[in-house]
Amino acid sequence: MHIKKAIANDLSIPDGLIDEAISVARAHVKIFHIQKRSGGSREICHPSKKLKTLQYWLIHSVFSQMQVHDASMAYRDGVSILHNAEKHRSNRFFLKMDLENFFHSISFEDFIPILRSWHRKSNPKWILDAECEDMIRRICFYKNDRLAIGYPSSPIISNIVMNEFDSKVSTLISDRKYGKVIYTRYADDLVLSTDKKGACSEIIKEIINLIQGTSSPNISVNHSKTKLGSSTGGSASVTGLKICSGGHITIHRKQKDHIRLLLSLYRKGKLEQEEENSLLGHLSYCHYVAPDFYTKLSKKYFKEIYDLRSKDL
């Protein structure tokens with residue numbers, strides 16, 4: 001069976017609708033730009049509804065069955081930034097590294113051999129011929145046949161393509177040479193932690209060598225974002241969460257101060273509706289990732305938090 005027929009049968013749509021969506025796949029993408037805190041802007045690509053539907057079919061019926069490494073923590077159901085931080089809570093010394101232009105560094109050429117290998121082993125009901133491969137290329141990849149930020153299919157494809165790299169990192173740290181090392185990757189954010197003092201400086205060299213020797217995908221390090229830290233020194237941060245001495249996880253002081261300020265302003269009746277909505281979001285986030293701090297807030301601002309939550313019902 002051709003993959004187009006499998007999609008048409010599952011979605012109860014005519015083949016012609018699929019052909020139409022693919023023929024204008026890249027022409028009907030809306031482009032947005034959002035400012036980055038570090039300067040410059042990030043391009044966001046918003047596909048048409050028809051193209052997005054085809055991407056979701058591929059995610060559900062194909063990509064979700066392909067292998068993703070356990071160290072990959074982003075874009076997975078039931079896995080959050082809190083789970084990512086919890087993996088490292090027992091260690092004291094931390095290394096954070098950032099991959100530059102992550103999605104755009106992953107191409108269709110990186111993905112297709114993995115898809116072919118999976119297809120041979122899994123033998124789904126549809127054939128993987130040149131036409132099918134070209135369909136997937138046009139549906140899920142954008143400029144220069146690379147992943148686009150904003151495509152629903154980009155996150156899971158990135159995890160699939162990075163599976164081999166994640167495996168190599170895990171093998172590299174498995175012999176306890178650098179202590180009890182934990183490795184996780186949250187999209188482009190690599191975090192390695194250990195219980196051995198001084199080991200992170202050596203691990204940096206190993207990871208850089210591994211990245212430089214990786215040709216598929218053609219990833220590179222954003223050296224300006226490489227950071228060392230320790231939980232005892234108060235500089236251990238994993239995906240925005242602070243790991244304290246003893247393994248306690250919380251949010252950073254600046255975030256705490258900001259939430260307290262918003263609650264104080266709300267108490268005085270000085271918050272706009274948009275700011276109230278923002279405060280509710282902060283409180284929900286805090287309740288999930290830093291319950292101890294949320295409890296302290298609740299004791300001091302019980303009435304304010306109750307009022308805010310009542311409005312949201």
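Modeller: What follows looks at helix α9 and then at the parts of the chain around it and beyond.

This is a predicted model, in which local features need pLDDT of at least 70 and side-chain atom pairs count only at pLDDT 80 or more, while totals for chains, interfaces and linings use all residues. Residues are numbered from 1 along each chain as its sequence is written, and side-chain values use heavy atoms, with hydrogens and water left out.

The secondary structure of the chain comes to 13 helices and 9 strands, where helices (H or I, at least four residues) and strands (E, at least two) are DSSP runs, numbered from the N terminus.

The buried residues of α9 are Ala-199, Cys-200, Ile-203, Ile-204, Ile-207, Ile-208, Leu-210 and Ile-211. Seen down the helix axis, these buried residues fall within an arc of 165°, so they line one face of α9; the arc is that of the directions from the helix axis to the C-beta atoms. The cover over the buried residues of α9 includes the strands β3 (93-98), β5 (189-194) and β6 (227-230), together with helix α8 (163-172), and a contact here means heavy atoms within 4.5 Å.

The loop between α9 and β6 holds Pro-217, which is joined to Ser-216 by a cis peptide bond with omega of about 0°. In the loop between β4 (182-186) and β5 lies Ala-187, a residue with a positive phi of about 60° although it is not a glycine. At 7% relative accessibility, Ala-187 counts as buried. Ser-12, in the loop between α1 (3-11) and α2 (15-23), also is not a glycine and has a positive phi, of about 55°, but at 65% relative accessibility Ser-12 counts as exposed.

Elsewhere, 3 strands form an open sheet in the order β7-β8-β9 with antiparallel pairing, where two strands pair if DSSP finds at least two bridges between them. The edge strands, each pairing on one side only, are β7 (237-238) and β9 (249-250).

A search of the whole structure finds 8 aromatic pairs; rings of Phe, Tyr and Trp (its six-membered ring) pair if their centres lie within 6.5 Å, and planes under 30 degrees apart count as stacked, over 60 as edge-to-face and the rest as tilted. The rings of Phe-108 and Phe-141 have centres 5.4 Å apart and planes at 80°, so this pair is edge-to-face. It links distant parts of the chain, with Phe-108 in helix α5 (residues 108-122) and Phe-141 in the loop between α6 (130-140) and α7 (154-161), 33 residues apart. Both Phe-108 and Phe-141 are buried.

Terms used: Buried means under 20% relative accessible area, exposed over 50%, partly exposed in between (1.4 Å probe, protein chains only).
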